[in-house]
Amino acid sequence: MPPGVSLSDFYYILPELVLTGGALLVLIADVLLPKERRAALAWVTLLALGATAAALVPFANTHVEVAHGLLAVDRFSLFFKILFLLAAAITVLMSIRYLETEGAASPGEYYFLILCATLGMMIMAGGIDLITIMIGLETMAVSFYILAGYIKPNQRSNEAAVKYFLLGAFSLGILLYGMSLMYGLSGTTNLRVMASAFVGQEKDPRLMLAVILVVAGVGFKIAAVPFHMWAPDVYEGAPTPVTAFLSVGSKAASFAMLIRIFVEGMPSMSADWRLLFYVLSILTMTAGNIAAVTQSNVKRMLAYSSIAHAGYLLMGIVAGTARGITATLIYLMIYSFMQLGAFAVITLLRRKDVVGDELKDFSGLAFRNPFAAFAMLLFMLSLGGIPPTAGFMGKFWLFSAAIDAHYYGLAVIGVLNSAISLYYYVRIVVFMYLKKETSGSDPVITPALALVLGVTVMATLVLGVYPQLLFRVADVSARTLGVAGITAAIR
Amino acid sequence: MPSAYGASAYIPIAIFVAVATGFALFTLVFSSLIHSEKYNKVKLEPYECGIEPTTDARDRYSIRYYLVAMLFVIFDVETVFMFPWAVIFNKLLLFGLIEMMVFIFILVVGYYYAWQKGALDWV
Amino acid sequence: MVTLNHYLILSAILFAIGTAGVFVRRNLITILLSIEIMLNAVNLTFVAFGRALGSADGQIIVFFVMTVAAAEAAVGLAIVISLFRHKESLNPDSFASLKW
């Protein structure tokens, strides 16, 4: 074995190895299984995700750098890995019936790509080196390019894939150019070594350029205004379960990457990047919410709502304190549940010849399927931030973190935006409960979808009433980062 | 900066460019001076490595050609990792061999999938 | 004398050409090529810095960028061909079943 590499390195990346093995297994099984038994692939996929989750258990208290500082196995990455695995499992459960309705030819390919995207996200969350972050990001992004265009006969799906691909590749170029400057100015690709190399270089214009480029590149990935133009089209055109996974997994992974790059890699530049994110945060939540008001397609509306949520999430980054990062982590977890749940309800409405994502498809849902309507009501209230749902708790922490760091204006704009957002969330509720005319047949809830709705509803309710456990976990995760470095740079 | 970066380092290249251009020009000019001016159909045909041309060269390719080209691009670029590996193979020993086997195994799984799905069939 | 700055200026120019191409050109394949130019500008920066710093990291990351670029190009072409079969056009303005 070459110097510097040891078997323990492979032990620490056990979850990733298990997931890779599972993905390859699904791909081979797709070829070997006879056509009529391929529906079983969804369960193989869930098994692979479960095995990966089990492989995470031994690392609950680990805090190490693996393979010359390419990956960090710590509480922060653990938090995100759990989030990704949950989101992936929920997405798979949502996909089973959706793929049947669409008559997709090879489900194995689809589930393989979901697993690959999850693998990429896990590497992004653990990456503390430009190389690993870039590889993780691309493993995720390339999988999503294909997934977005998965329904090949559907032209909207095709267009979504092309748009996502073009803007994704473009943003990769920008991000990598920024990274190349970071490398050149620090002489290392390791973020933690970089952090100390940048001390004293704060006024170097080339470093400023690097910060701006990386902020723009990351901005594309989290769909922050003005880098958001791909999001509504892609969210609307992509298959609904893919949209759900994209809006949750990809966003969370990009935030993990953002926190790693800026908090771990450039704490001494925090005055610059916090200013940029401050502007982005205000632009993103305001533009996202105002655009969402005018939408009649629910998927598109949720796309703008997800853009607005990127703005809220950025508030925690702007605050730059341990409390701010904690709030971002908490809100990411809560947001995942309510967003996945809302998309699960849309999947439910998908029938032959009916896409089920228009506002009118929701009219009278309360009389056709009271449980689905109640679930949607809950998700909408939670996304709008109404107590006693989880969304309120998440927003409360984000706003108080902003106030705590003396960003009073930002908190006020956040509250005003939440008020605007209520308009379009409540509009769906009005359609479901107050419109009498019902269209088409009643939506049927399969056991898998019932499980998805059950889990997301429970999470949205329980985290709203009893958030202490999540708070403690997120707090410990955020504190494994060297947030103290930034806080020192601020004061 | 080492002196290899200086302008003098480019002198061999300049000489090479001059000789190559000169030779090409010389051949063209000299042959145009001594050749005979008799043309026939065979002489005017485009040269395609000795194979008789059947159709016009400016034809539309089948879209299947792109599929094969894409697969080629993907599998071709992996050699980028094999060259550095080969250079230090003597230091990596068994560990390096196993690592590369794992890498190639993953590629083979992808190749097998593409093959079984009929991506390589020229239907 | 070719110094680090020459390489950096060249790569900045390449990057600008690529970026301009993405915005100006109205053909999906040309846009793809422009993105490739951007990625090659990135590669040049990495290699130039790696040489100047005497560290191999810059070259290692270039290997990965090249692989990623190849994977992206293959996936991108596949998606573009799939869309072309629907539309028989490569002009992004003609793909308007979703609003831009």
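Mentor: A residue is called buried if 20 or more other C-beta atoms lie within 10 Å of its own, and exposed if 12 or fewer do; anything in between is partly exposed. By that rule, 63% of the 491 residues in chain A are buried. Keep in mind that this is a predicted model.

Start with the chain as a whole. Chain A is built with 21 helices and 2 strands. Its C-alpha trace spans about 65 × 55 × 40 Å along the principal axes. A compact globule of 491 residues would have a radius of gyration near 23 Å, and chain A, with 22 Å, agrees with that. Among the contacts in chain A with a separation of 6 or more, 80% join residues 24 or more positions apart.

Now the pair of helices. Helix α14 of chain A covers residues 322-349, and helix α19 of chain A covers residues 447-465. The two pack at an angle of about 145 degrees, and their axes are 9 Å apart. The crossing of α14(A) and α19(A) is left-handed. On the α14(A) side, the residues that meet the partner helix are A:Ile334, A:Phe337, A:Met338, A:Leu340, A:Gly341, A:Ala344, A:Thr347 and A:Leu348. On the α19(A) side they are A:Leu449, A:Val452, A:Leu453, A:Thr456, A:Val457, A:Ala459, A:Thr460 and A:Leu463. Sorted by class, this contact holds 12 nonpolar and 4 polar residues, and no charged ones.

A:Thr321 sits in the loop between α13 (298-319) and α14 of chain A. A:Thr321 counts as buried because 20 other C-beta atoms lie within 10 Å. In sequence A:Thr321 is 157 residues from A:Ala478, yet their C-alpha atoms are 9.6 Å apart in space. A:Ala450, in turn, belongs to helix α19 of chain A. A:Ala450 has 15 C-beta neighbours inside 10 Å, so this residue is partly exposed. Its C-alpha atom is separated by 9.5 Å from that of A:Phe371, which is 79 residues away along the chain.

Helix α14 also matters for the count of core residues. The largest nonpolar core has 228 residues, and A:Tyr145 and A:Ala402 touch the most other members. The largest share of this core, 19 residues, comes from α14(A). Apart from neighbours within four places in sequence, A:Ala402 is in contact with A:Met315, A:Val318, A:Ala319, A:Tyr407, A:Leu410, A:Ala411 and A:Gly414.

Finally, the contacts between chains. Where chain A touches chain C, 34 residues come from chain A and 36 residues from chain C. On the chain A side, the elements that give two or more residues are α6 (130-148), α7 (155-186) and α10 (230-237). Helix α7(A) gives the largest share of that side, 17 residues. By class, the chain A side divides into 18 nonpolar, 10 polar and 6 charged residues. The contact between chains C and B takes 13 residues from chain C and 11 residues from chain B. There, the side of chain C has 11 nonpolar residues, 2 polar ones and no charged ones.

Conventions:
Residues numbered from 1 in each chain as written. Chains lettered and ligands numbered in written order. Predicted model: local features only at pLDDT ≥ 70, side-chain atom pairs only at ≥ 80, totals over all residues. Helix = DSSP H or I, 4+ residues; strand = E, 2+ residues; numbered from the N terminus. Rg over C-alpha atoms; globule rule 2.2 N^0.38 Å. Contact = placed C-beta atoms within 7 Å. Axes fitted to C-alpha atoms, helices over the stretch in contact; angles between N-to-C directions. Left-handed = near helix turned anticlockwise from the far one by under 90°. Nonpolar A, V, L, I, M, F, W, Y, C, P; charged D, E, K, R; others polar. Core = buried A, V, L, I, M, F, W, Y, C linked by C-beta atoms within 7 Å.
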